[in-house]
Amino acid sequence: MIILTGTNQITFGEGTLTRQELTIFQKKNNSAVEYHYDSVDTLLFELNMRTHIMESAKALSTSGVYFADLKKSMANPAYWNITDQGRFKLNAGASPQKAIRDIFTNGSAYAFECSMAVIVILYKAILDSIDPRQFDRMNSNLLIFDWQSNSKLHLIDRIGNEEAITGDIIYFENPEVHPMLPWWKGENVVMIEEGLYYGHGHGLGITSAEVVITILNKYRLDGSTQSAFMTDRYVHPDFTFFAPFQGSDRKKHITVKIGDSIYVR
């Protein structure tokens, strides 16, 4: 359940939350796990940013970006330099926010693998959630590579995928992948909503867990007995870290009752 300033009695005014924000709130609030928030603003920021992660995943799925391994990565040279390791390094003097937006508006100029896609989605969601000037300040020397290494995203690891909700990153593992096909060893996906996930790898797009597993299973060793599976681990950005950078112009009017108190913004 959600605990806000010491109580779980939280009621939002009509129209305060979007349908997707309300769905996220209700799943967390109905959970046996306690989720503590120090302020209404922090809670609302998380609900909003999670929807932006979903929207960014959907946008990438229709952007025209290609799937490619690290050796065949492509990027618009107006914004990015590709390093020997296939990482995207922001050009000196380039605007971080414009460089991220270009991936979504000029997708045919880009190609990268599934871990990179997750990073791109998260950066776009952060950009859409905070003051763009703060985004540029925080990412003046932006370097995009795999999600396990991008410390600027302030990712939090969690265990128990039954608690995963919109905006979380989940990994499907293929433990008996054919050794000649290492790119099918797994897939990083963004949870869009209950039962749907976005995977960039191999053109998966937005689909179900069953389809992801079925596709991965096609590339196992002959005679293999262990199916691909959704791992129990999931990750998401530290929303509390990014909340202070939201900017007053992005805060909407809200009314919420917390215990016996009414909060209006």
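Visitor: Which residues touch the most other members of the largest nonpolar core?

Guide: Leu 60, Trp 80, Ile 100, Ile 103, Tyr 110, Phe 112 and Ile 144 do, out of 45 residues in that core. Bear in mind that this is a predicted model, where local features need pLDDT of at least 70 and side-chain atom pairs count only at pLDDT 80 or more, while totals for chains, interfaces and linings use all residues. Residues are numbered from 1 along each chain as its sequence is written, and side-chain values use heavy atoms, leaving out hydrogens and water.

Visitor: What makes a set of residues a nonpolar core?

Guide: The members are buried Ala, Val, Leu, Ile, Met, Phe, Trp, Tyr and Cys residues joined through side-chain atoms within 4.5 Å. Here, α2 (40-61), β6 (88-90), α3, α4, α5 (132-138), β11 (186-193) and α7 (239-242) each supply at least two residues. The largest share comes from α4, with 11 residues. Those labels are DSSP runs numbered from the N terminus: helices are H or I with at least four residues, strands are E with at least two. Apart from this core lies another, of 31 residues, including Tyr 35, Leu 204, Ala 209 and Tyr 234.

Visitor: Why is Ile 103 called buried?

Guide: Buried means under 20% relative accessible area (exposed is over 50%, partly exposed in between, with a 1.4 Å probe and protein chains only). Ile 103 comes out at 0%, so buried it is. This residue is found in helix α3. Leaving aside neighbours within four places in sequence, Ile 103 is in contact (heavy atoms within 4.5 Å) with Leu 60, Ser 63, Val 65, Trp 80, Tyr 110, Phe 112 and Val 120.

Visitor: Why is α3 called oblique to α4?

Guide: The axes of α3 (residues 96-105) and α4 (residues 114-129) come within 10 Å and cross at roughly 120°. Under 35 degrees is roughly parallel, over 145 roughly antiparallel, 65 to 115 roughly perpendicular, and the rest oblique. That angle makes α3 oblique to α4. Their contact is made by Gln 97, Ile 100, Arg 101, Ile 103 and Phe 104 of α3 and Val 120, Ile 121, Tyr 123, Lys 124 and Leu 127 of α4. By class, those residues divide into seven nonpolar, one polar and two charged.

Visitor: What makes α1 and α2 oblique to each other?

Guide: Helix α1 (residues 19-29) packs against α2 at an angle of about 120°, with axes 9 Å apart. The pair is therefore oblique as well. On the α1 side, Gln 20, Glu 21, Ile 24, Phe 25 and Lys 28 meet Leu 43, Glu 46, Leu 47, Asn 48, Arg 50, Thr 51 and Met 54 in α2. This contact divides into five nonpolar, three polar and four charged residues.

Visitor: How do you know that Asn 174 counts as buried?

Guide: Its relative accessibility is 2%, so Asn 174 falls on the buried side. Asn 174 sits in the loop between β10 (169-173) and β11. Leaving aside neighbours within four places in sequence, Asn 174 is in contact with Trp 184, Lys 185, Gly 186, Leu 216, Asn 217, Tyr 219, Arg 220 and Ala 228.

Definitions and conventions
Axes are lines fitted to C-alpha atoms, for helices over the stretch in contact, and angles run from 0 to 180 degrees between N-to-C directions. Ala, Val, Leu, Ile, Met, Phe, Trp, Tyr, Cys and Pro count as nonpolar, Asp, Glu, Lys and Arg as charged, and the others, Gly among them, as polar.
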